[in-house]
Structure formats: C-alpha cells, structure tokens
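Please consult the sequence and coordinates alongside the text.

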There are 2 protein chains.
Amino acid sequence: MNEFELIAQLLPSLPANDTVVAGAGDDCAVLDLGVPDRLILFKTDAVVEGIHFTRETPPEKVGRKALARCLSDVAAMAGTPTAALVTLALPAAFDPDYVTRVYAGLNALAAQSGVAVVGGETTTNPGGLLLSIALLGMVGRGRQILRRGAQVGDAIFVTGELGGSLAGRHLDFEPRLAEARWLAEHFPIHAMLDLSDGLAGDLRHLLAAGGVGAELLQSALPVSRAAKLRARGHGQPPGTTPKPPALAALTDGEDFELLFTVASPAAVKLLDAWKKAFPHLKLTCIGRIISGEGIRLRTPTGVQSLPARGYEHFQAPA
Amino acid sequence: MNEFELIAQLLPSLPANDTVVAGAGDDCAVLDLGVPDRLILFKTDAVVEGIHFTRETPPEKVGRKALARCLSDVAAMAGTPTAALVTLALPAAFDPDYVTRVYAGLNALAAQSGVAVVGGETTTNPGGLLLSIALLGMVGRGRQILRRGAQVGDAIFVTGELGGSLAGRHLDFEPRLAEARWLAEHFPIHAMLDLSDGLAGDLRHLLAAGGVGAELLQSALPVSRAAKLRARGHGQPPGTTPKPPALAALTDGEDFELLFTVASPAAVKLLDAWKKAFPHLKLTCIGRIISGEGIRLRTPTGVQSLPARGYEHFQAPA
C-alpha cells in the first residue's frame, strides 16, 4: 500500500461536524464558523530537511518557503490568508542564529502578505529540521474555488512557467494570491488548484474530482528557462539523463503556479483582461476539458495518453 | 541562549494584523474573524518519538495524546474545539498499520469531543515519528480566559491530582473542556492555563503574565497516587533518587489539569457548586495570589521561596 492509497482508506473514517464545508482532499479545508459573509480556510504544510531543503539552504529561504507553500494553497481557493502558527522541530544541535534567520524569512513574507504570526512552538526532532505552518484564511461565502467543478469544454489555463523549479525557484516563488482573487472576482472559474507535485499529477487530481478528462497541447506548455537549460544538460546531476522540456513542464514539481479551468467562451476575454491586470506574469491556455478520464497529450505526431505513473519511462516526443 | 530566551527575543518581531486579540504567549492564539458572538482559538502542538512517546507506545495512544494536548489548550481558554488538521511525519520505514492505528486513536477522541478532522498531510521525517495537530476552536466573545488577569487576593485552584503522569496518565488524560466552560460560565475566573510543564513552572507563567506572586500551601497540594508510589520507590528508574511527593506535584510535567484563579469571596461557593457539577473530579484550593513575584511555599517548618530553576536541587520538606 502506498501513501495515497492509505490516505484514501483513512478519509472515510475522519470525524466531521456541521462546520465542515470541504474537508480533506482539497487545497485547504473550508469551514463555516458563522462569519456572516465569509468562510474560513484552514491548511497545514511542512517542509523537511533533506526533502524540501538542505542543510546548505539559507535559513531565511527555508522559513519563506514553508509559509509560501501554505499561501499558495490559500491562493488556490481564491482566499486571503490571515494568521499563521509555526511549528519548528529542531535537531538536538540547537542553533539560535539558525532559528532567528528562519523566522526572519518567514516574517518578511508574512508581513508582505498581511498574515499575523500568532505563535507556535519549538520542539526537538532528532533527525533534522522540520518546519510546519498552520494557516488560517478567509474567502467570500460562495466565492471559494474547489478542485472539483471542471466542465467538459472548459479551457485549461496555467499561470507562469513550468518545470525546473528545483534549480532555485522553489525557494523564491511568489504565491499567486492577488491573481487568484482577481480571477474569482472577474471570471467564472470552475475549478482551481496550485501546482505542487507537477502539472500532470496535479491536473489528474482536478480531473478526478470533476469526473472529467483533459487534452493538453504539448506545444502550448509554458516551459521555464530553467527546464530548457536543464534539457540541454546545464546543471544536470552526473550520470542522469536530461529531461525533455515538455516532460519537465509536465512532471517537475514545486511550480506553485495556478491551474484552473474556465468556460471556453470566456477564454479569449480572460487572456485580454489578464494582460492588462498582470502584464508581467504569463497566462497560458494549455488545453481543454473533455469527457472521459485521464490526460491525452496532443503532439506534432498525434495524440497519446499520458500514463498515470512512471513518467520516467514516458518519452515525450521532442 | 536557551529556547525560552530565544522565543522571548523572537516575539516582538512577529507580524500582527487587526484580527489578533491575543497572539503568541497564551495557551491558544485568539482571533477576531468577524463571527458576531464568538472569537476563534488557534493552536498547534506536536508530539515527537523519543520525547513524548516511545516506539513501544501503542499507536492509538500516540494519536490520542497528540490531539488531547491541543484540546487541553482550548479548554484552558474556556473554549470549544471545532476542527483539526493532522501532520504526520514518518520515518522512512513507513508502516500503514501504524498510521491507521494512530488515526484510530485520534479519530476516537475527536469524535468524542465534537472535533472534525478536516485533513492534513503525511511527510517523511528520517529521525522518527512526529505528529503535529493544528486545532481551531471557538469561545464566546469576551468569554475567553487568558493567562493574565490574576489579582492579589485571588484563590488559586487546580483540578485533579498532580505528579507522576509519566507512569501512564500522560497517554490517557481527559482534557478538561466541559469543566473549563462551566467555570467560565458560573464564576469570575481571572486567569487560567493548563498544566503541561509542571505546576511550579506553569504557575510562574500565569504570575508573570499578571505581574503578581503566589503563596502555595504544601499540605494542600493534591498529589497523585502515581507520584506517591514513585516516592516510595515503585517504578523508580535504577540509580535515581525518588522524588518527594510534594516536589513531584510541583515539578512533574504532563498533568494537563486546569490551574486558575478566582476572587477569594467566591472560593467556598465554587467548591460547593463544583462538587455537585463534577462529583468525580477533585478541585483543590492550593494557595492565593500575593503581591510581588515568584512562588512562596508554606511548609510545616515555615515559608520558603521556590527557585525559578533547578528544582532537582530543591529539597521540599517531607
């Protein structure tokens, strides 16, 4: 049994109550706590040494990344973040300077995002540093955008550029908070999430939640410069094969861009309005929602199904 | 610099916003998110293998304890818990049965407490298991009981019995949710917290928050049976000296009982009403709030100051 299968098995046994609008399985939990015009968003996310950062990562960037990941989840619901708690689990070799610098990075992003840091705790973690953030946010009642809701015929959009994030961007990305709220306010967004595990994997979550499939246009995928450089062998770890750019855009994780669907007649108007509202951030229509399930990729040589797993064996045409 | 000194240094730099009623430094953060008659409580707490439990602890009790600790903090504000998120960081040797059993214990207590478990995440933690809970709760607007507020002359009360929790009770304790709400509803409770680090240490937090001191009556301390047995050498780790019972009640951690102060004229009425409301749970007046700072202990041989640190060298008279 893998981790996802276990989670699926645990989900039905989780206790609920009448405050729950959306529980486990979306970017944030959505709760109705009685605020007249708003719902509450609730999210936790952890970064772990050796997985999400290394001992060499500047501590300020560790703190920033931990909070930014949670902010990206609030953005994915079209919400506004409000308050955070910080759980810092430290190896036995406790270094006050390291902790101070983690907080400096975290606090700077919190202040910039209007988030209050209202406490937390430090504890000991023999294996290394673990930093978990619990975040509260708010969204206008009925304005939350869930993963489910994609309709056959919808255009599929993605912000920014994809792939190669681990070359550096994963420590510096900007959560798309303002962009997501703007989208929810101006267009009938049907479904949205933030890209953390890679476009193909995350899109699959959105499709499964909506009971639909997708056809992507390979030539439309907005491949990042980092992924293109990597494909040419720059910064490639010795002994590994460079990933073709389209495959990197589909499968590299930690992009933290928005992926969403909108009724197709609104697509052109959306692109025009976006260019005026956010002239410095790319928005790309990468495909459309179709009936069925899974992802089909349209390439210069035809249409092929994208396997659900084992991307490492999938050869995207060049 | 120790951990507490570092936290004190970090506190002033934490960003705030206008939702914050009480930030870091109390049992829970208190937020005003616009619910007309209520405030939101927000808390995280982590348990770590090797510190709060061992590899031999039944997983159900690990899950139960993690949630119970957070519930105790919500109780300490006289609040009602609402929704929890679970962060489970697992050693590389991932055991689905272990995880399922952790959730079983956690879910049972959540259901019993009316708490919805609305998601969370699993991640990898090379050093061992770490389980962090983020908990939301609510409290009537103006009904929250903070750590600060103790007045000179107040009677100091504690629920239950103290000391020796690590003999087993730390895995099975009942968060005092109903008791705390009853107290807040019926009596003018000035200050309250839950005992996690030991009576002397936690009382010191309450005193510092209120700018007052305390005099405790040693003979009044409600010493648990486990602490008394331990004092006679039962279950004493080889090579260590048994702790006198009063010292155990003052300094053993993980009691998770309520410590609170109430205006002295209400003390007798409170004790009477308590016996009717909670006939199976002891409530003890252990002393009173005085001017000054720190803790004085009245013993059969006189009054002495309790040192702020180094209890191991403090010899409570038998």
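Glu254(A) is found in the loop between α7 (245-251) and β10 (258-262) of chain A; helices (H or I, at least four residues) and strands (E, at least two) are DSSP runs numbered from the N terminus. The structure is a predicted model, in which local features need pLDDT of at least 70 and side-chain atom pairs count only at pLDDT 80 or more, whereas totals for chains, interfaces and linings use all residues. Residues are numbered from 1 along each chain as its sequence is written, and chains are lettered from A and ligands numbered from 1 in the order in which they are written.

**Backbone and burial**

Most residues other than glycine have a negative phi. Glu254(A) has a positive phi, near 65 degrees, and is not a glycine. Ala78(B), likewise not a glycine, has a positive phi of about 65 degrees and lies in the loop between α2 and β4 of chain B. Burial is assigned by counting other C-beta atoms, placed from the backbone, within 10 Å of a residue's own: 20 or more make it buried, 12 or fewer exposed, and values in between partly exposed.

| Residue | C-beta neighbours within 10 Å | Class |
|---|---|---|
| Glu254(A) | 19 neighbours | partly exposed |
| His186(B) | 14 neighbours | partly exposed |

His186(B) lies in helix α4 of chain B.

**Helix α3 of chain B**

The 18 residues of α3(B) should span 26 Å at 1.5 Å a residue, and the end C-alpha atoms are 26 Å apart, which agrees; the expected span is 1.5 Å times one less than the number of residues. Buried residues of α3(B) include Val99(B), Leu106(B) and Ala110(B). The buried residues of this helix pack against α1 (3-10) of chain A, together with α2 (59-76), β4, β5, β6 and α4 (177-186) of chain B. Gly114(B), with a positive phi near 75 degrees, follows α3(B).

**Core and interface**

The largest nonpolar core has 202 residues, and those with the most contacts inside it are Phe42(A), Ala84(A), Phe42(B) and Ala84(B). Such a core is a set of buried Ala, Val, Leu, Ile, Met, Phe, Trp, Tyr and Cys residues joined through C-beta atoms within 7 Å. Leaving aside residues up to four places away in sequence, Ala84(A) touches several residues, among them Leu67(A), Val115(A) and Ile133(A).

How many residues of chain B are in contact with chain A? There are 60, and they meet 60 residues of chain A, contact being defined by C-beta atoms, placed from the backbone, within 7 Å. On the side of chain B that touches chain A, β5(B) gives the most, with nine residues. The residues of that side divide into 34 nonpolar, 22 polar and four charged. Because 100% of the interface residues of chain B are also interface residues in chain A, the copies meet through the same surface.

A rotation of 180 degrees with 0.0 Å of shift along its axis superposes chain B on chain A (RMSD 0.0 Å), using least squares on the C-alpha atoms of residues with pLDDT of at least 70 in both. The two copies are thus related as by a two-fold rotation axis. In chain B, the C-alpha nearest the axis belongs to Gly127(B), 1.7 Å from it.

Conventions
Contact = placed C-beta atoms within 7 Å. Nonpolar A, V, L, I, M, F, W, Y, C, P; charged D, E, K, R; others polar.
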